[in-house]
Amino acid sequence: LYFLLLTFQLYLVFPPLMRWLTAHPRSHRPLVLAAFAFQLAFTGAIHYRWDPPVLGIWLTHAGSWLPSYVLYIVGGLVAALHFDAVTGWVRTHGRLIAVALVASVALAEVSYVCDLRYLGFSPIHAGGVFQPTVTIEAVTSTLALYALGLWVIDRVADRGRRFLERSADASFGVYLAHPLLVGGILDLAAVTGLDAAVGRLPGGAVEALAVFALVPFVYAVTFTVITRIRRTPASLWLTGRRAPHPARADLTAATASPPVV
């Protein structure tokens, strides 16, 4: 539950940081560039095992501290403050974003192979989250997903748009709930001996079973449960969102126009 600790830390800094960014619009671009440079240096120090006195404590326990994610916090806030401009840029630079995504994935693969062959890293360490190539890949993949979302929303029919809206509304609850279902399935498999039977399957079959059976099942079940919970008084406690007021929801559904993105 490290993300809860990060969320509480973000609650503390969000109001003053947002006020400062709003009051200093000219600082946004250099601040984002500085945050990007810091993120590269910080993840590089972790990945390549720089262990200085005192600071090394942070570097070896980076996952639960908000300063470890400076680029994503600053970048997200600045993008929100310039939402229309960012959206317009993404709409008109789809090919550039696609090329950048492919290049970043290729760079990550090259880095992984070099870590294994020339630096002697274990596969787990070579594939770690805190490394410069993942920082670059996170930026390009975020832009690519947003570009894909804009492309879809421009072409999807009303029924498809409503499904996407329901999915987005339930997404945080699904994120919270799916580990519980996965843990229950794994415990049941251990009790019934199913895990041993699955372990005897030929290579690749376990991964295929997880991707094509377990993952769709988990998401389907949690999505169904969360969308039901969203209509109950327990919605805030279990999904992180207040249940929509029936009258307000009916009015919104009757007067809603296509979302502006």
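At what angle do the axes of helix 2 (residues 28-47) and helix 4 (residues 70-81) cross? They cross at roughly 155° and come within 8 Å.

This is a predicted model, in which local features need pLDDT of at least 70 and side-chain atom pairs count only at pLDDT 80 or more, while totals for chains, interfaces and linings use all residues. Residues are numbered from 1 along each chain as its sequence is written, and side-chain values use heavy atoms, with hydrogens and water left out.

**Figure 1. Overall fold of the protein.** The protein has 13 helices and zero strands (DSSP runs numbered from the N terminus: H or I of at least four residues for helices, E of at least two for strands). Along its principal axes, the C-alpha trace spans about 60 × 60 × 40 Å.

**Figure 2. Crossing of helix 2 and helix 4.** With axes crossing at roughly 155°, helix 2 is roughly antiparallel to helix 4. Axes are lines fitted to C-alpha atoms, for helices over the stretch in contact, and angles run from 0 to 180 degrees between N-to-C directions; under 35 degrees counts as roughly parallel, over 145 as roughly antiparallel, 65 to 115 as roughly perpendicular and the rest as oblique. Helix 2 contributes His28, Leu31, Val32, Ala35, Phe36, Phe38 and Gln39 to the contact, and helix 4 contributes Val70, Leu71, Tyr72, Val74, Val78 and Leu81 (contact means heavy atoms within 4.5 Å). By class, 11 of these residues are nonpolar, two are polar and none is charged (Ala, Val, Leu, Ile, Met, Phe, Trp, Tyr, Cys and Pro count as nonpolar, Asp, Glu, Lys and Arg as charged, the others, Gly among them, as polar).

**Figure 3. Crossing of helix 5 and helix 8.** The axes of helix 5 (residues 83-92) and helix 8 come within 9 Å and cross at roughly 85°, which makes helix 5 roughly perpendicular to helix 8. Phe83, Thr87, Trp89, Val90 and Arg91 of helix 5 meet Leu143, Tyr146, Ala147, Leu150 and Asp154 of helix 8. This contact has seven nonpolar, one polar and two charged residues.

**Figure 4. The aromatic pair of phenylalanine 42 and phenylalanine 130.** The protein has nine aromatic pairs (rings of Phe, Tyr and Trp, its six-membered ring, with centres within 6.5 Å; planes under 30 degrees apart are stacked, over 60 edge-to-face, the rest tilted). Phenylalanine 42 and phenylalanine 130 pair edge-to-face, at 6.2 Å centre to centre and 90° between the planes. Phenylalanine 42 lies in helix 2 and phenylalanine 130 in the loop between helix 7 (123-126) and helix 8 (132-155), so the pair ties together parts 88 residues apart in sequence.
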